[in-house]
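Please take a moment with the sequence and the 3D structure shown here, and then follow the paragraphs below with both in view.

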Amino acid sequence: MNTVSRVQIIGIDVSRDWLDIHCLPNGKRLRFQNTDKGYEQLIHLAQPVDALVCFEATGGQEWQLW
């Protein structure tokens, strides 16, 4: 069985205008704009805790975030 070895996981629902974020294990929920500024906010959230960041393919809305 495969397991995730990171303690912090950030899941993102990507839409045209928004990044809806859910953090595990603490359950924190955030919303950032789907813009360069929002990506910067996401980096500041994920990098200090070495989080695994994952998001789904959404018909091209995810390419800039990728």
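A salt bridge is counted here when a side-chain nitrogen of Lys or Arg lies within 4 Å of a carboxyl oxygen of Asp or Glu. This is a predicted model, in which local features need pLDDT of at least 70 and side-chain atom pairs count only at pLDDT 80 or more, while totals for chains, interfaces and linings use all residues. Residues are numbered from 1 along each chain as its sequence is written, and side-chain values use heavy atoms, with hydrogens and water left out.

By this rule there are two salt bridges. One joins Asp-17 to Arg-16, with 3.1 Å between the closest N and O atoms; Asp-17 is partly exposed at a relative accessible area of 37%, whereas Arg-16 is exposed at 60% (buried means under 20% relative accessible area, exposed over 50% and partly exposed in between, with a 1.4 Å probe and protein chains only). Arg-31 and Asp-20 also meet in a salt bridge, at 2.6 Å from N to O, and this pair links distant parts of the chain, since Arg-31 is in strand 3 and Asp-20 in strand 2, eleven residues apart.

Helices (H or I, at least four residues) and strands (E, at least two) are DSSP runs, numbered from the N terminus. In helix 1, which spans residues 36-46, Gly-38, Tyr-39, Leu-42 and Ala-46 are buried. Seen down the helix axis, these buried residues fall within an arc of 100°, so they line one face of helix 1, the arc being that of the directions from the axis to the C-beta atoms. On the other side of helix 1, Asp-36, Lys-37 and His-44 are exposed.
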